[in-house]
Amino acid sequence: MQRQGIIQRVKILKILNKHKFISGQDIASICHISRIAVWKHINYLIENGVKIKVHANKGYEFLDFGYRLLPEIIKLHRDENSFIKDIIYFDDIDSTNEYAKRILKEGTLVIAEQQKKGKGRRGSKWYSEKYKDILFSLILSPKIPYSYLSLFNIIGTLAVAYALNKLFKLNAQTKWPNDVVINNKKCGGVLIEFVAELDLIDKLILGIGVNTNSKPKFKNSTSLSIVLRTKVDRMNLLVQILKELEIFYNLILRKRNSQIQKIWKEYAQDYEKRIKIIDEAKEIEGVSCGIDNFGNLILKRGDNYQIFYPTSLVIVK
Ligand code: BTN
């Protein structure tokens, strides 16, 4: 029922965007629904921030898509045949990753305007401001060996950095395992949770948060609007991140690990630098020599090369 409503509203939005001004009767005939149904859908869109002016007995005037990351608008901008089959939207939720874990339905994008218990890596909290940031979790079912897990952190951070650099000509970089940074300050993060069956990844939740128009509290964090000194169009950015994510996901499915490894080197802020990482609550220092074929960090410590696995991956069951 809810899904059918979304499909109708996507159609109505397409018509409104094309015609700018159109009567309820015309929309009803194009969509093969009643005028009352048109009115209900338009009312829903207006209540959810889409700017549509109602001209009594004349028709509807489309002004603006508004400020919310509504599934109807995301679908309008995305290819029907994408890896996203369904979108679930919340004004408020505990955490999009937590919700995704409750449903575990492949191809579902869970998106929220605010999280009450947003989760960061290693049990930390993820802060966001309502209607200002980007917060989503995507449920995938890659059915590939468990050894590929760390690569999902890598593609999550790369997708965000790629989208930022493409749209805003920034120099966003990735920081192993799951940070996106601009000028050394964190503006986004990735949290992976998964269900494994024997040696295969059965379900994987790829959670992404991007500080977009908010003012982060921590001094080592930033947001895009702070860097760019202007308000950012969240919908535009979200759609671009999803596009990049799909491209990178297909690289994983086609086992193009070495291509991802190569791209990561270009984007990694610490490549060939002396770094400190936290491994099982211990601080470890060494020179970053890149990632192995599966996204794990290679550190040179003295004369030895050691491989480190992200400690941020969470097993669901
Ligand atoms: C990190 O610590 O860098 C990871 C942050 C991941 C935050 C995102 S926001 C959407 C999704 N839901 C959550 O509760 N966390 C992830």
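Trainee: Is tyrosine 131 buried, exposed or partly exposed in this one?
Mentor: In this predicted model, tyrosine 131 is partly exposed, because its relative accessible area is 24%, and buried would mean under 20%.

Trainee: Okay, and where does tyrosine 131 lie?
Mentor: You'll find tyrosine 131 in the loop between E5 and E6. Have a look at its backbone too: phi of tyrosine 131 is near 65 degrees, which is a positive value in a residue other than glycine.

Trainee: Why point that out?
Mentor: Because most residues other than glycine have a negative phi. Lysine 255 has a positive one as well, near 55 degrees.

Trainee: Where is lysine 255 found?
Mentor: Lysine 255 is in the loop between helix H8 (234-253) and helix H9 (257-267). Its relative accessible area is 47%, so lysine 255 counts as partly exposed.

Trainee: And which residue takes a positive phi in the hairpin of E11 and E12?
Mentor: That's glutamate 280, with phi near 45 degrees. The hairpin has 2 residues between the strands.

Trainee: How many bridges join E11 to E12?
Mentor: There are 6 bridges, and the two strands run antiparallel.

Trainee: Which residues of strand E11 are on the covered face, and which on the uncovered one?
Mentor: Ile275, Ile277 and Asp279 make up the covered face of E11 (residues 274-279). Arg274, Lys276 and Ile278 make up the uncovered face.

Trainee: What about strand E4, how many of its residues are buried?
Mentor: In E4 (residues 86-90), 5 of its 5 residues are buried. Both faces are covered, with Asp86, Ile88 and Phe90 on one side and Ile87 and Tyr89 on the other.

Trainee: Does E4 pair with E5 in the parallel or the antiparallel sense?
Mentor: Parallel, over 5 bridges, with E5 being residues 108-112. Aspartate 86 stands opposite threonine 108 there.

Trainee: Switching to the open sheet: in what order do its 3 strands come?
Mentor: The order is E1-E3-E2, with antiparallel pairing. Strand E1 (21-22) and strand E2 (51-55) stand at the edges with a single partner strand each, so one side of each has no neighbour in the sheet.

Trainee: How many bridges do E1 and E3 pair over?
Mentor: They pair over 2 bridges. In E3, glutamate 61 is the bridge partner of phenylalanine 21.

Trainee: Let's move to the ligand. Which residues come nearest?
Mentor: Ser95, Gln115, Lys119, Arg121 and Lys186, out of the 21 residues around the ligand. By class, that shell has 6 nonpolar, 11 polar and 4 charged residues.

Trainee: Which strand gives the largest share of the shell?
Mentor: E9 does, with 4 residues. Helix H5 (96-103), strand E6 (134-140), strand E9 (185-197) and strand E10 (200-210) each supply at least two.

Trainee: How much of the ligand does the protein bury?
Mentor: The protein buries 98% of the 420 Å² that the ligand exposes when taken alone.

Trainee: Next up, asparagine 296. Where is it found?
Mentor: In the loop between strand E12 (282-291) and strand E13 (297-301). Asparagine 296 counts as buried, because its relative accessibility is 4%.

Trainee: Which side chain does the side chain of asparagine 296 make a polar contact with?
Mentor: The side chain of serine 150, at 2.6 Å.
Mentor: A cis one, with omega about 0 degrees. Most peptide bonds are trans. Proline 177 is found in the loop between strand E7 (173-175) and strand E8 (179-182).

Trainee: Last one: is threonine 157 buried or exposed?
Mentor: Threonine 157 is buried, with a relative accessible area of 1%. Threonine 157 sits in helix H6 (residues 149-168), and a polar atom of its side chain lies 2.9 Å from the backbone oxygen of isoleucine 154. Leaving aside neighbours within four places in sequence, its contacts include Pro177 and Val190.

Note on methods: Residues are numbered from 1 along each chain as its sequence is written. This is a predicted model: local features need pLDDT of at least 70, side-chain atom pairs count only at pLDDT 80 or more; totals for chains, interfaces and linings use all residues. Side-chain values use heavy atoms; hydrogens and water are left out. A residue is near a molecule or strand if one of its heavy atoms lies within 4 Å of it. Accessible areas come from the Shrake-Rupley method with a 1.4 Å probe; for residues, only the protein chains shown count as cover. Ala, Val, Leu, Ile, Met, Phe, Trp, Tyr, Cys and Pro count as nonpolar, Asp, Glu, Lys and Arg as charged, and the others, Gly among them, as polar. Buried means under 20% relative accessible area, exposed over 50%, partly exposed in between (1.4 Å probe, protein chains only). A polar contact is a pair of N or O atoms within 3.5 Å; within protein, one must be able to donate a hydrogen and the other to accept it, and residues adjacent in sequence count only if both atoms are side-chain atoms. Two strands pair if DSSP finds at least two bridges between them. Contact means heavy atoms within 4.5 Å.
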